[in-house]
Amino acid sequence: DNNNNNKNNNKNDNNNSEKKNNEQSEIDKSINNLSNSFILLKELALKKLATKNLFDEIQETIDKSETHVHVYFKDCETNFKNLTEEYEISQNNLKNHLRKVN
């Protein structure tokens, strides 16, 4: 009887030990998965930050370009007005000259 009890106890010990090993293995897997998830999250956060920085740079470039274009068109408008005035003055001078000649 004692032998049978010892065998059963050994079986139970082996089963319990196996269960503990399986549980530990599952816990290790979970920890590993969590760790990998955090690494992925960190990578994604860094990519998101890099993308946001890039977007901000692009937006800044667009804003500067809009300002440059606005200034350029203002200059063009001013130049056009000046040329128009000069043309009108020349026209008037030509008319006056022609009157004098006639």
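The points below cover the basis of the model and then the salt bridges.

1. This is a predicted model, in which local features need pLDDT of at least 70 and side-chain atom pairs count only at pLDDT 80 or more, while totals for chains, interfaces and linings use all residues. Residues are numbered from 1 along each chain as its sequence is written, and side-chain values use heavy atoms, with hydrogens and water left out.

2. The structure holds four salt bridges. The term stands for a side-chain nitrogen of Lys or Arg within 4 Å of a carboxyl oxygen of Asp or Glu.

3. Lys29 is partly exposed at 48% relative accessible area, and Glu26 is partly exposed at 46% (buried means under 20%, exposed over 50%, partly exposed in between, with a 1.4 Å probe and protein chains only).

4. Asp56 and Lys52 form a salt bridge with an N to O distance of 2.9 Å. They are four residues apart in helix H1, about one helical turn. Asp56 is partly exposed at 34%, as is Lys52 at 47%.

5. Lys64 meets Glu60 in a salt bridge at 3.5 Å, N to O. The two are four residues apart in helix H1, again about one helical turn. Lys64 is partly exposed at 48%, and Glu60 is partly exposed at 45%.
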